[in-house]
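Open the structure in your viewer and follow the stops below in order. Each stop says what to select and what is there.

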Amino acid sequence: MTDAVTTQAGADTIIRMEAVNKWYGTFQVLTGIDLSVKSGERIVICGPSGSGKSTLIRCINRLETVQKGRIVVDGIELTAGGRNIDAVRAEVGMVFQQFNLFPHLTILQNCTLAPMRSRGLNKAEAEAIAMKYLTRVRIPEQANKYPSQLSGGQQQRVAIARALCMTPKIMLFDEPTSALDPEMVKEVLDTMIGLAEDGMTMLCVTHEMGFARSVADRVIFMAEGRIVEEAPPEEFFAHPKNEKTKQFLGQILSSHQAH
């Protein structure tokens, strides 16, 4: 699906946000957001809580609507309404803080549900794909268990596998490790690092600065609903330019050393 939109920006721009503004009632949560993401690029979004990070990535698959500006994902204009939303959601996988697995379905059933419903796969095809991705996140042996029988880290890896079963072009992660016990964080981050190495386009809201350093092509810092600073990780951590960025990094790095 190409149109004038993609060709003029170069065919490798997979997400474009232009002058995006969003309000909740009278509170402006996003102000003048401009962001272009290339296919295969890995972006980490950080910032203090309430800075609009989660809202920003939720706009990319239209879990949140914007009042002003435009968003184009994989050549499809999201701000143009109805039918486009489903087309974009099919290409964009999302992993949340809470795992959002269906408790009454097995791990395998959680992973096959969407491909059978929206991609029209039969059960055998969907199960083959599900097992491929459960193997990819290193828990194929859990396929016939229920979510309650798994640890938080395992459930989050199931959530990642479930998103991958739709073979998305883009993966969005909204603080995927923040609800986990510290000893489980690494297994989820390792899974995400593996995806990054596969060349998946990823946008990840996280406070895991080690992950940002090792995986991100660009780190974006948000404050008060704006993108305040963006740079490659080595530059971002070594030479932050904005006072708010410096403050945030000082707090985050000192709290990590305290642990």
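**Stop 1: the largest pocket**

Sorted by class, the residues lining the largest pocket are 11 nonpolar, 5 polar and 4 charged. The model on the screen is a predicted one.

Helix α3 (82-91), strand β6 (92-95), helix α4 (107-118) and helix α6 (152-164) each give at least two residues to the lining. Which of the elements supplies the largest share of the lining? That is α4, with 5 residues.

**Stop 2: Gln 155**

Stay on helix α6 and select Gln 155, which sits in it. Is Gln 155 buried or exposed? Its relative accessible area is 15%, and the cut-off for buried is under 20%, so Gln 155 counts as buried. Show the side chain of Gln 155 and the backbone of Leu 150: a polar atom of that side chain is 3.3 Å from the backbone oxygen of Leu 150. Then display the surroundings of Gln 155. Apart from neighbours within four places in sequence, Gln 155 is in contact with Phe 99, Leu 101, Pro 147 and Leu 150.

**Stop 3: the aromatic pairs**

How many aromatic pairs does the structure hold? There are 2. For one of them, select Phe 221 and Phe 248, whose ring centres are 5.2 Å apart; the planes meet at 45°, so this pair is classed as tilted. The two residues come from distant parts of the chain, 27 residues apart: Phe 221 belongs to strand β9 (residues 218-223) and Phe 248 to helix α10 (residues 243-258). Phe 221 is buried, at 1% relative accessibility, and Phe 248 is buried too, at 7%.

Next select Phe 236 and Phe 237. Their ring centres lie 5.3 Å apart, and because the planes stand at 90°, the pair is edge-to-face. Phe 236 and Phe 237 are both buried.

**Stop 4: helix α2**

Select residues 53-60, which make up helix α2. Why is α2 described as largely enclosed by the rest of the structure? Because 6 of its 8 residues are buried. To see them, show the side chains of Lys 53, Thr 55, Leu 56, Ile 57, Cys 59 and Ile 60. Lys 53 is on that list of buried residues. After α2 comes Arg 62, which has a positive phi near 65°.

**Stop 5: backbone with positive phi**

The last stop concerns the backbone. Most residues other than glycine have a negative phi. Asp 74 is not a glycine, yet its phi is positive, about 55°. To find Asp 74, go to the loop between β4 (68-73) and β5 (76-77).

Finish with Arg 138, another residue other than glycine with a positive phi, in this case near 65°. Where is Arg 138? Look in the loop between α5 (123-136) and α6.

Methods:
Residues are numbered from 1 along each chain as its sequence is written. This is a predicted model: local features need pLDDT of at least 70, side-chain atom pairs count only at pLDDT 80 or more; totals for chains, interfaces and linings use all residues. Side-chain values use heavy atoms; hydrogens and water are left out. Helices (H or I, at least four residues) and strands (E, at least two) are DSSP runs, numbered from the N terminus. Ala, Val, Leu, Ile, Met, Phe, Trp, Tyr, Cys and Pro count as nonpolar, Asp, Glu, Lys and Arg as charged, and the others, Gly among them, as polar. Buried means under 20% relative accessible area, exposed over 50%, partly exposed in between (1.4 Å probe, protein chains only). A polar contact is a pair of N or O atoms within 3.5 Å; within protein, one must be able to donate a hydrogen and the other to accept it, and residues adjacent in sequence count only if both atoms are side-chain atoms. Contact means heavy atoms within 4.5 Å. Rings of Phe, Tyr and Trp (its six-membered ring) pair if their centres lie within 6.5 Å; planes under 30 degrees apart count as stacked, over 60 as edge-to-face and the rest as tilted.
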